[in-house]
Protein chains: 2
Amino acid sequence: MGHTIDLGGMWLGPTQTRLATLAREHGVETYPMSLEGKCSIRLRGAQRFAQGDKFEFTLSYLDQVRLQLLVWKIQALEKRMNLEAPWATPFAERLDRDSVAAWTARETGSPVIQTLMNFICRSVFCAEASEISMLFFVFYTRSGKNLETLVSMQGEGAQSLLFEGGVHQLAVRLAEELDSALILSSPVRSVHQSEDHVVVETDGAAYQAKRVILTAPPPHIARIQFSPELPYMKRALLARQPMGACIKVWIAYSRPFWRERGLNAFALSDDQPFGPVFDATPPGASAGILAGFFDAREAVQTAHLSAGERRALVVEMLVGHLGPEARSPIDYVEKDWTADPWSDGCYGAYLGPGVLTQKGPALRTPVGRIHWAGTETALVWTGYIEGALEAGERAAREVLSAEARLSQPV
Amino acid sequence: MGHTIDLGGMWLGPTQTRLATLAREHGVETYPMSLEGKCSIRLRGAQRFAQGDKFEFTLSYLDQVRLQLLVWKIQALEKRMNLEAPWATPFAERLDRDSVAAWTARETGSPVIQTLMNFICRSVFCAEASEISMLFFVFYTRSGKNLETLVSMQGEGAQSLLFEGGVHQLAVRLAEELDSALILSSPVRSVHQSEDHVVVETDGAAYQAKRVILTAPPPHIARIQFSPELPYMKRALLARQPMGACIKVWIAYSRPFWRERGLNAFALSDDQPFGPVFDATPPGASAGILAGFFDAREAVQTAHLSAGERRALVVEMLVGHLGPEARSPIDYVEKDWTADPWSDGCYGAYLGPGVLTQKGPALRTPVGRIHWAGTETALVWTGYIEGALEAGERAAREVLSAEARLSQPV
């Protein structure tokens, strides 16, 4: 029997209440990540094991202390973050001139912790720590509560729960409800605003509306022709919102053999391009199913390879962590998001140093009758499916209140 | 009598030999910048004067020493820079994680010098120091010899000479030579490669060629449809090459009144949006003509103003530096490059932290029958007109040698 897998987002964190409600409403069940046993972490030549997702216990005691100090420092920044206006946070200018890599190198001399922070950036943003503004990093982690919540696979962690049959079902169900109101395979080429309406053009048709909400990935919004032209600050922001790079991999084995060795298959190497990897075997399955990623620089550097060449890299990494049985998968599926012409990458757009303080105010500010949604514009769980839902609700409220104001007698 | 002004590039540095030769061949004369008298520099509340373009002498002695130490440090980096492959320079990774602002803040505690480095970034890149990778900064200054050459207005400096009648004449003359081979107002929409030729499509026509050289600003190349798709590393680079922001201003007075006060009109304030400003009065003119800039953040924040509002900001700044006569200009012309749909900004594209080390190899590497020129791909004077010429010559050599190889008997 086959299993449905998610080529895109796949997790639910318990504080992602909009997504949880949507799943409940549609009768889609969730199940916890399988963390029983040990994870396998290889950093700087040393492979170590730790219970569950507690990768920090693979560090030396000194590095554990250093990591805790760094996490406290980030928590202090998170607490002072002004989510609505990160650029107005007291430390904004100072933090926005640092990349996460530069900030981390200044805060800690430990190469292992610098490597770990880079892993976190790769996993969370699909970008290197050198590419991400520290101000944006803190904004992003704070919007999902804090860094610990973002990286954790249990409790309130963003990777705690998986969807039976995949989260993609929810998109399909919502599409069914929308029925013929949803028009697919019709990329928007232009948006024309006049005094009292908007015209949206695709290759074959034009649609008139009172207002429009745009949710596409920022690089795609940048390709739409607007008339009148968008304000420069918005255009400048869109030109500085690159998408991360990620190739997602699913690999199946006849049984979850790693469990027999006391491993939970959460694995990470700093000397191999593939990883992290997670056990995503659905409850009741006899097969063992893993999901993992080529992230950031590793995706950039393996994007030109064939699927077969990447599969070999995946298998090699898994053999090193889980044992020789990993050599014989029964199935391999991958989704190269860098090659997807309608996303340009994933999971979302990130901001490099100096962008948020200068152009941040253009993130959500409506431009006439154009409103902005999409997870990049979210205040809560930005970058996640939950953020996309929150942003959609906020944009809908904007439209409703603007139209209500207009319909009031003067 | 009117004067011809350059709304775009306008200077010649003596080591820019290709541009100098072109000017000579077309009988276009140059004249030195008028530096007689003092420049006026206002930093952190203190307005000070110095001879010529020696703005560093307006600093305290301590800050002059600190600046010299910083310049020596940058020179040491410039000397070790591998221009052909900046990502292979020994210190590449370390330098590419820093923005210029972060690097400067670590190297010097002096707020004045940090402000000065930001001015340099604004003037050279039309971007803030927080947005620019330090590795890219050193690559860029080294490609024009060194930082001193880039900022200087005399000797070998990049702002030493102006063109009688403007440098734009050279573009016009070259266009005349090309005659009907030059097709204008026909933006390229798609480039299709097959085994032995390329087809370039515009809205109204298609052109077949053996090879194509693309020179457009990177954000415009990113909007062209390529088939087959460009390699991911190239697409990822193009998505991370934003253009700087600049609004260029020309303002004329009935006479160069500042000279009567012993000023040369080179002026800079850190508490006003307009500046730097330069005396660009042609030899023999009775009027006094100044050119100046709203750069980087100042351009972003004044782009939504009307020309009249910007003119008021310009006049206010000039009154503060040059005296009350500045209140009565006889002419004002501006070019808002942020609003130019075919440049998206200027002077060129810059790279933020983490980009050059990861995606730099895609800068010049041909993709099949597509070759890359444009000043962003230059090794010598990248970002300048000279760089555009050098890149064009290099791309032409690539094409000729590739075709020569093909035509050899096997």
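**View 1. Residues where helix α2(A) meets helix α6(A).** In this predicted model, Ile74(A), Leu77(A) and Glu78(A) of α2(A) meet Val138(A), Thr141(A) and Arg142(A) of α6(A), where a contact means that the C-beta atoms of two residues, placed from the backbone, lie within 7 Å. Helices are DSSP runs of H or I with at least four residues and strands are runs of E with at least two, both numbered from the N terminus. The residues of this contact divide into 3 nonpolar, 1 polar and 2 charged, with Ala, Val, Leu, Ile, Met, Phe, Trp, Tyr, Cys and Pro counted as nonpolar, Asp, Glu, Lys and Arg as charged, and the others, Gly among them, as polar. Residues are numbered from 1 along each chain as its sequence is written, and chains are lettered from A in the order in which they are written. Local features need pLDDT of at least 70 and side-chain atom pairs count only at pLDDT 80 or more, whereas totals for chains, interfaces and linings use all residues.

**View 2. The crossing of α2(A) and α6(A).** The two helices pack at an angle of about 80 degrees with their axes 9 Å apart, the axes being lines fitted to C-alpha atoms over the stretch in contact, and the angles running from 0 to 180 degrees between N-to-C directions. That makes α2(A) roughly perpendicular to α6(A), a term that covers angles of 65 to 115 degrees.

View 3. In α6 (residues 134–143) of chain A, 10 of the 10 residues are buried, so the helix is largely enclosed by the rest of the structure; a residue is buried if 20 or more other C-beta atoms lie within 10 Å of its own. Among the buried residues are Met134(A), Phe136(A), Phe137(A) and Tyr140(A). The buried residues of α6(A) pack against α2 (61–80), α3 (92–96), α4 (100–107), α7 (147–151) and α13 (355–359) of chain A. Just after α6(A), Lys145(A) takes a positive phi of about 90 degrees.

**View 4. The side of chain B that touches chain A.** Here 32 residues of chain B are in contact with 33 residues of chain A. The elements of chain B that give two or more residues to this side are α4 (100–107), α10 (232–238), α11 (297–302) and α13 (355–359). The residues on this side of chain B divide into 15 nonpolar, 7 polar and 10 charged.

Note on methods. Buried ≥ 20, exposed ≤ 12 C-beta atoms within 10 Å, placed from the backbone. Parallel < 35°, antiparallel > 145°, perpendicular 65-115°, else oblique.
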